[in-house]
Amino acid sequence: MNVNSIIAESISRSTGQVFSTMVGVEIGAGRPFGENTAPQANEGVVSFIGLAGAWAGTGSLSCSPELACRICAQMLLCEATAVNEEVLDAVAELTNMIIGGVKNDLEQHVGPLGLSIPTVVYGRNFRTKSAGNTDWVVMRFQWDEEILVVKLCLEPKEQAAHVFLHTSPTQSCALDV
Amino acid sequence: MESNVLVVDDSAAIRKILQRVLRQTGMAIHTIHEAGDGQEALGVLGAQKVDLVLSDINMPKMDGLQLLASMKSSAIWRQIPVVMITTEGGETKVGEAVKLGAAGYVRKPFTADQIKEKLAGILEPALPL
């Protein structure tokens, strides 16, 4: 099975489950698509969390300030009218749970993975760049008129070792890259 | 008898949610203390009477497994049940927690019912008014 298909399926499942359980909302998922690693202009709230093991990569969530506030208000049953520490913390925890769920699914295919502490950025016209070479698997989710983007990039840490697994006559690899 | 619970998580959002969920469980809870990491939790344990610890695993400074190991190697805190609340679903960290003596674990995202079920054998239900 292709690793990008596993990532897309897992992002869809994990995001749906986290929203349903922690936010109390059924969120609609769009079709997955690929995105290259060129620096992207961003605006709003963006979070990142690192994955590391035999495969390594980054998971990310992004949304408008309005949606971040709405998520926080619904999750914590509080009022959130502006992006403050509480809102950023709620988005960080949402990232941790969604990408953590994806990590748990991926571990069945790529072995144990570690998860970093999430980082959340809020601002206007900033650019982000992943130093990896693999494209992101991107999924858009819709809550009324607002869009939440969840994406993840993952690649084998040792490309050479992975090529060996693909070409070795005595060993096989379950994943295409 | 009412119990004192210590919630350990680097996310203030999760601590707030757990405060709410714990109050909804119908268990006899007196005070809910909070700590943002394992080190802070050891400070609370040294200063307060705690009957149950709910702890995240992945935290900065001192993680949940280090906190659990510290508690289990202490003559004073060894008997306090520790339930891990974590996104970790892999055998490695959860297995390590169970090996270290965790009373159980709950996976994030969690429902109030899952927390209630996990604590049923540990805390006493509140007496009817």
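Predicted model: local features only at pLDDT ≥ 70, side-chain atom pairs only at ≥ 80, totals over all residues.
Chain A has 177 residues, and 40% of them count as buried. When contacts in chain A between residues at least 6 apart in sequence are considered, 66% join residues at least 24 apart.

The buried residues of α2(A) are A:A68, A:C69, A:I71, A:C72, A:M75 and A:L76. Because these residues cover an arc of only 160° around the axis, they are on the same side of α2(A). The helix is followed by A:L77, a residue with a positive phi, near 50°.

Chain A also touches chain B. The contact involves 20 residues from chain A and 16 residues from chain B. On the side of chain A that touches chain B, at least two residues each are supplied by α1 (3-23), α2 (65-76) and α3 (85-110) of chain A. The largest share comes from α3(A), with 11 residues. Sorted by class, this side of chain A has 10 nonpolar, six polar and four charged residues.

In chain B, five strands form an open sheet with parallel pairing, in the order β2-β1-β3-β4-β5. The edge strands of this sheet are β2 (29-35) and β5 (104-107) of chain B, each of which pairs on one side only. From one strand to the next, the twist averages 20°. Within the sheet, strand β1 (residues 3-8) of chain B runs parallel to strand β3 (residues 52-55) of chain B, and four bridges join the two. At one of the positions, B:V8 has B:S55 in β3(B) as its bridge partner. A helix of chain B, α3 (residues 64-72), lies across β1, β3 and β4 (82-86) of chain B. The angle at which α3 of chain B runs to β4(B) is about 175°.

Notes. Residues numbered from 1 in each chain as written. Chains lettered and ligands numbered in written order. Buried ≥ 20, exposed ≤ 12 C-beta atoms within 10 Å, placed from the backbone. Contact = placed C-beta atoms within 7 Å. Nonpolar A, V, L, I, M, F, W, Y, C, P; charged D, E, K, R; others polar. Pairing = 2+ DSSP bridges. Axes fitted to C-alpha atoms, helices over the stretch in contact; angles between N-to-C directions. Arc of directions from axis to C-beta.
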